[in-house]
Amino acid sequence: MSELRAGVVGLGMIGGGVAVSLARSGRIPAVYDIRPGAADDLAGVPEQAATIAEVARDSDVVLVATLTAEQAREVIAGDDGILSAAHDGLVVALLSTVDLDAVTELAARCEGAGVGFLDAGVTGGTQAAENGLTVMVGGPEEVFARAKPVFDDFAKIVVHCGDTGTGMVTKLARNALTYSMWAAVREAASIADAGGVTLDKLLEVISNTDGGTSPLTLLQVHAAGIEVPEERVDSAVALAEKDLAAAQAFAGSVGLEVPIVDIARPRMRAVYDGTLPEPLPGEPWQRGLAMMDRVYGPGYSKQVPDGVTIPSVVTTVEHLFGQILSRPYLTLRDRRLLTFGVTAMVGRADLLQTQLRGAMANQEFTVDQLREIVLQLMHYAGWPNATAVQAAFEEAIGQYAVPQSS
């Protein structure tokens, strides 16, 4: 075993468990928590240090296990934080799940102080005290190699995912799958329950028929580059839409909300043929043009002349498309619904047609959903406005390849 000294700041479920595993492995850590006596009940863990700076001075690798980015910022860069006691060879490994902006900021602060930085997302928190964590690490190879013996002493597996930020991205992707599956399971269970089917019956069916469609299996298939054959995409999409439409119809009959089904159904073609949008560029003008194509369909941005300097056009591309429509929290489909409502209220059929072209290009709505939008608008935008909306929607239904009802 190397002579690396380890420190742990934050002795909650993750940090406390890490400290116990390190102690069991023979690498007794220096520890700190804002709560006095937090280390008292942690097997093999010494009395906690008086300050974070003391932990940094007595450590070669400091593992930061706070809850929030703000707490991590204070631990690392505060007046009495880790960087206040920086020394040659020190590495900070952030175990907390935070946003990428925070990772970038903290990495830069550490670099400025001559301290190595690793973003090290972890999963398996309940097993932290039994050397049971999976650690996803981002950062320079040489910094990772320096800290890896410490990771090995508390984790069951350590994966170096790439440069700074990639460990956190891996954790975020893993969490997105986990939480989405929880939501999907709850939604499926609610459908079964509403129809008088006990969950043990649903479980029996799924456990004996759907082994090949578990999240892990599907991700393995995706990683292997196995796709639905082109000649089978249409039939696969039709089958998915038919089945999901039936689920929607039943849910509607019993007043059950199924938002995951509602969103998934019109997106199944993009799922099967692999045409989900690529990440947007970072440069404002290119980002805006790419988002314009995402909103209105491939090639739409070519209507913007090269080298245009008209302020209103530049602002529209860089601000509206590059900064507003590309923001998170509302999907493009959510924003489209809002725009449908506003457009109907102001009676602008021309703008409605533009929005519809984009919605159809992206296959964001099914026939049922488009007609449901009209019904909703009739009661909020008024019947005359909604009649114009209905005419535009029915024209779109006839003109574009809109997913049909079951």
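How many bridges join β1 to strand β3? The views below come from a predicted model.

**View 1. Strand β1 and its partners β2 and β3.** Four bridges join β1 to β3 (residues 61-64), and the two strands run parallel. Gly 7 stands opposite Val 62 of β3. With β2 (residues 30-32), β1 pairs over three bridges, also in the parallel sense. Val 8 has Val 31 as its bridge partner in β2. Between β1 and β2 the chain passes through helix α1 (residues 13-24), a right-handed β-α-β crossover. Within β1 (residues 6-9), Ala 6 and Val 8 point one way, Gly 7 and Val 9 point the other way, and all are buried. In a regular strand, side chains alternate between the two faces of the sheet.

**View 2. Helix α5.** Twelve residues (141-152) at 1.5 Å a residue should span 16 Å, and the end C-alpha atoms of α5 are 16 Å apart, in agreement. Val 143, Phe 144, Ala 147, Val 150 and Phe 151 are the buried residues of α5. Down the helix axis they fall within an arc of 110 degrees, so they line one face of α5. Ring pairs link Phe 144 and Phe 151 with Phe 154 in a cluster.

**View 3. Aromatic pairs around Tyr 296.** The whole structure holds six aromatic pairs. One of them is Tyr 296 with Tyr 300: the ring centres are 4.7 Å apart and the planes lie at 45 degrees, so the pair is tilted. Tyr 296 is buried at 16% relative accessible area, while Tyr 300 is partly exposed at 22%. The rings of Tyr 296 and Phe 321 have centres 6.0 Å apart and planes at 65 degrees, so this pair is edge-to-face. Because Tyr 296 lies in α12 (residues 284-296) and Phe 321 in α13 (residues 311-324), the pair ties together parts 25 residues apart in sequence. Phe 321 is buried, with a relative accessible area of 5%.

Definitions and conventions: Residues numbered from 1 in each chain as written. Predicted model: local features only at pLDDT ≥ 70, side-chain atom pairs only at ≥ 80, totals over all residues. Heavy atoms only, no water. Expected span 1.5 Å × (residues − 1). Buried < 20%, exposed > 50% of the residue type's maximum accessible area, 1.4 Å probe, protein only. Arc of directions from axis to C-beta. Pairing = 2+ DSSP bridges. Right-handed = clockwise from strand over helix to strand, strands pointing away. Phe/Tyr/Trp six-rings, centres within 6.5 Å; stacked < 30°, edge-to-face > 60°.
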